[in-house]
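Please examine the structure shown below, and keep it in view while reading. The paragraphs that follow lead through it step by step.

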Amino acid sequence: MKLKPGIRKLLFWNRLEQLAGVCRRVAETARLSIIRSIRLQLMFTFVLCLSAAALVYAAVNVFFGELNRSPVLDYQYGIEKIDDQARAIASYLKTPDVSYQGITDYITRNAGFSGNKVLLTDLEGKVFFKTPDATETQVDIHSIISKAMERRYTSTPIQEFTSFYPVDLKDQPAYLIVSGVPQPSISYKRGSSPFTLMTAIAAFIFLFYWLTKRKMDYIEELARGLQEISKGNLQFRVPLRSKDELASLASSINRMTGALQATMEEERRAERTKNELITNISHDLRTPLTLIMGYLRLLKDRHFEDEAQAHNYAQIAYSKSEKLKVLIDDLFEYTKLSNQIVNMNLERVCLNELLEQLTEELVTYAEENSLVLVKDILPERLYAEIDAAQMIRVAENLLVNAIKYSSKPGVVTVKMDRANDQARVCIINRGTPIPEEELHRVFDRFYRVDTSRTSAGGGSGLGLAIAKSIVEAHSGEIWAECEGDEIRFCVLIPLNRHSSRL
């Protein structure tokens, strides 16, 4: 089916537009590849500078060539004129039915115009026709052919040039010999200069330096940034000024600096924590120890009125020594858990029963503090591989803390539900709000939200840190939440795969 011209033109322009779109996409892809690769950028820059240097070389070569050109005598044109005349005569001799007189007149006329000698010889070199200025009667054909071939293409000065053609004259083979002195022509030869190559090299170096200057400046900026960071300025960040490997290097430097800064801040925080630990241990150990020593000194010096008072002193000293032992035991336990020295005695335990039992044991303690314990435990029996004694310690610590620091009177809720393959236990109470920035620190050793609280009313400060270590040893999670005055401490414990519903 033949298409109309208008339709063919429309199809042609559509295809041309599609081709242009493909070319644009290819060019954009190439541009993005070059932008993202410093290797391709350097290759492209090198090729561009080399091309520019070649153009400069050509332009400067023309300039210096014209400036230093010299005249040259060229005999090639004169040789070609003699050869052209011989060719023209040979061509005329091939004309059919040409008379001998016509040949003579033609040769004489051509020779007269040019001043060249023309000879017609047989195969042996015997001359049977010659122009008036020729004197030869016999020629050496071999010598003429040799000279004609040697001097056909030359620009050096020569006395005489001979052009040689074999012809047929009235069905008789013959040789046409045309000889003459070629006239030189003047041409000009371009000169050369060492400045041409030097200028091209200088142009290449300058252009390459100019095009790579930004990259080199950026590399130097990265180097200065590393020097600044090496001086200890971890707040410093190197800028991102490209999308290639240098940008990746800058990002890596910034990430490294950020990680180093975080590590150093963590080390400073650990140092502060260590100092706080030493201070808190010293304070928490010194207070009961001072009391113990004081009452023992009273007993030793017999500064008591009667046996009842002596017994009271001994009872106070004993209770303080028990508290001192609890503090030392907590510290020792935390150290073992932190260093993963304690071996967990794992067994399959029903979390519902464990939590129910512990809650019942603390009901009296809650009532003494004007609080009500509320249980919200799902009926599904959940089993987990745990060290029961250690997990009881965790739950008891969270419950005792909730009772101790709740607003009185009030309610403490013990809630347990299932979150996928984990049991979630939350102890909820209402009390003094914990600032959000402090929530993640309540599990630090010896950390207390109220820094003025002493061991007399705030415990050892290791309970929550020990609880966190125990939970993490069970591959679980523990965290604190606070909304208004509602405070929640939650624990996630992985369940057995075959927890059953009864």
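Asparagine 420 is exposed, with a relative accessible area of 70%; buried means under 20% relative accessible area, exposed over 50%, and partly exposed in between, for a 1.4 Å probe and protein chains only. This asparagine 420 is found in the loop between strands S10 and S11, where helices (H or I, at least four residues) and strands (E, at least two) are DSSP runs numbered from the N terminus. Although asparagine 420 is not a glycine, its phi is positive, at about 60°. Most residues other than glycine have a negative phi, and most peptide bonds are trans. The model is a predicted one, in which local features need pLDDT of at least 70 and side-chain atom pairs count only at pLDDT 80 or more, while totals for chains, interfaces and linings use all residues. Residues are numbered from 1 along each chain as its sequence is written, and side-chain values use heavy atoms, with hydrogens and water left out.

Serine 370 also belongs to the topic of backbone angles: its phi is near 60°, a positive value in a residue other than glycine. Serine 370 is located in the loop between helix H10 (363-368) and strand S8, and it counts as partly exposed because its relative accessibility is 42%. A further backbone feature is the cis peptide bond that joins lysine 408 and proline 409, with omega at about -15°. Proline 409 has its place in the loop between helix H11 and strand S10 (410-419).

The chain as a whole has 13 helices and 13 strands. Of its 502 residues, 35% count as buried. Among contacts (heavy atoms within 4.5 Å) in the chain between residues at least 6 apart in sequence, 65% join residues at least 24 apart.

How are the strands arranged in the open sheet? In this sheet, 5 strands follow the order S8-S10-S11-S13-S12, and their pairing is mixed; two strands pair if DSSP finds at least two bridges between them. Strand S8 (371-377) and strand S12 (477-483) stand at the edges with a single partner strand each, so one side of each has no neighbour in the sheet. From one strand to the next, the twist averages 15°; angles run from 0 to 180 degrees between N-to-C directions, and axes are lines fitted to C-alpha atoms, for helices over the stretch in contact.

Strand S13 (residues 486-494) is joined to S12 by 7 bridges, and the two run antiparallel. S12 and S13 form a hairpin with 2 residues between them, and glycine 484 in the turn has a positive phi of about 65°. Strand S11 is also joined to S13, by 9 bridges, and these two strands run antiparallel as well. Leucine 492 of S13 is the bridge partner of glutamate 477, and arginine 424 stands opposite leucine 492 too. S13 is mostly covered, as 7 of its 9 residues are buried.

How many disulfides does a search of the whole structure find? The search finds 1 disulfide, a disulfide being counted where a pair of cysteine sulfur atoms lies within 2.5 Å. A disulfide is a covalent bond between the sulfur atoms of two cysteines. Here cysteine 426 and cysteine 490 form the link, with their sulfur atoms 2.4 Å apart. The link of cysteine 426 and cysteine 490 is right-handed, with 110° about the S-S bond. Because cysteine 426 lies in strand S11 and cysteine 490 in strand S13, the pair ties together parts that are 64 residues apart in sequence. Cysteine 426 counts as buried at 10% relative accessibility, and cysteine 490 is buried with a relative accessible area of 2%. Turning to other cysteines, cysteine 49 counts as buried at 0% relative accessibility, whereas cysteine 482 is partly exposed at 21%.

The last topic is a pair of helices. Helix H11 (residues 388-404) and helix H13 (residues 463-473) pack at an angle of about 145°, their axes being 9 Å apart. Among the residues in this contact, Met391, Val394 and Leu398 are included from H11, and Leu464, Ile466 and Ile470 are included from H13. By class, the contact of H11 with H13 has 8 nonpolar, 4 polar and 1 charged residues; Ala, Val, Leu, Ile, Met, Phe, Trp, Tyr, Cys and Pro count as nonpolar, Asp, Glu, Lys and Arg as charged, and the others, Gly among them, as polar.
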